[in-house]
Amino acid sequence: MQVLPPVNEMQRAFLASDASYNGVFYAAVRTTGIFCLPACPARKPLPENVEFFATVKDALFAGYRACKRCCPTESTAPEWVRELLARLDASTDVRIREGELREMGLDPGRVRRQFLRDYGMTFHAYCRARRLGKAFESIRGGKALDDTVFDSGFDSHSGFRAAFARVFGTSPGPARDGDCIRLSWVQTPMGPMVAGAVDAGVCLLEFTERRMLEVQFDTLRQRFHLALVPGETAHLEQLRTELGEYFAGTRREFTVPLAYPGTAFEREVWTCLLGIPHGETRSYEELARAVGRPGASRAVGTANGRNRIAILIPCHRVVNKNGGLGGYGGGLWRKRLLLELEKAGGQRLLDIV
Ligand SMILES: [Zn+2]
């Protein structure tokens, strides 16, 4: 189950055709019986004729039909995407051709659009990146290069080497001691999040519609000098488990290792954030004093906003001195809910909204 932002926020996002809310809610129009994505380009109805749903299923069960312009049913990450990803992970070849997609009852064009929307790459590019990620792991695990090339479904050594070097910026040889950033997706009651991990720990956790995501990817590449590839690791598994417990109200502290390189000042601010206990908040001014820079609350706010590991490095626990919420990259409604969840202590998020 998923929670919804406040109605006035959804109304504003729907009127503005704000694509960053796609997947967060669906807008249904009583007068036409049609439901849309927030970003639908069609003319917007009067606010009093609109109702909101968290899922396509809810809108369909309420009797609405999918809009033919924005195709909301095609734009959610449904069961078939999970099945497709599971199938990709189970096969050694990590390649599914158009014919196979059709045999699975999937339209290749729809698959391509879905992956472009959710992962920022076509299905073809995703498969390729996933294949290279697997090859990287197997070389690191000590497997012979010849076997790896063959297992990855490449026809030739040169083709494999070229593709590998393009993604990892190094030849398969030195990769044996190397690292990369594995990216995966985590479902939460507040919407999907993208997560990343290196050997040292989790290095990214962001709500997927956050506009800063592309910038965060670039910063990660620069900070770690590593390639980003879709993949799973023990850190990401642990993150999923701990986040599930957090939203269920049974976890107050996270134990999964974190990796968060930054400038000296950013590191200081983020370390300070990690010291704010669950259920408490600090003002930007207090945080500035804590890092020994009283008066630098604006700079502290900026460093706070550059946090790449939402929830675990609890930047949501920093609020305005007057009690206002301040800002939040993942949307203020999420900040408010996170704080309510932590204050409620021991209740599930879904029970307090
Ligand atoms: Zn529409």
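Helices (H or I, at least four residues) and strands (E, at least two) are DSSP runs, numbered from the N terminus.

A word on what you're looking at: this is a predicted model, where local features need pLDDT of at least 70 and side-chain atom pairs count only at pLDDT 80 or more, while totals for chains, interfaces and linings use all residues. Residues are numbered from 1 along each chain as its sequence is written, and side-chain values use heavy atoms, with hydrogens and water left out.

Back to H14. Its buried residues are Trp 333, Arg 334, Lys 335, Leu 337, Leu 338, Leu 339, Leu 341 and Glu 342. Buried means under 20% relative accessible area, exposed over 50%, and partly exposed in between (1.4 Å probe, protein chains only). After H14 comes Gly 345, with a positive phi near 50°.

Most residues other than glycine have a negative phi. Ile 311 has a positive one, near 70°, and sits in the loop between helix H13 (297-305) and strand S10 (318-319). Ile 311 counts as buried because its relative accessibility is 1%.

Ser 17 also has a positive phi, near 50°. You'll find Ser 17 in the loop between helix H1 (7-15) and strand S1 (26-29), and its 28% relative accessibility makes it partly exposed.
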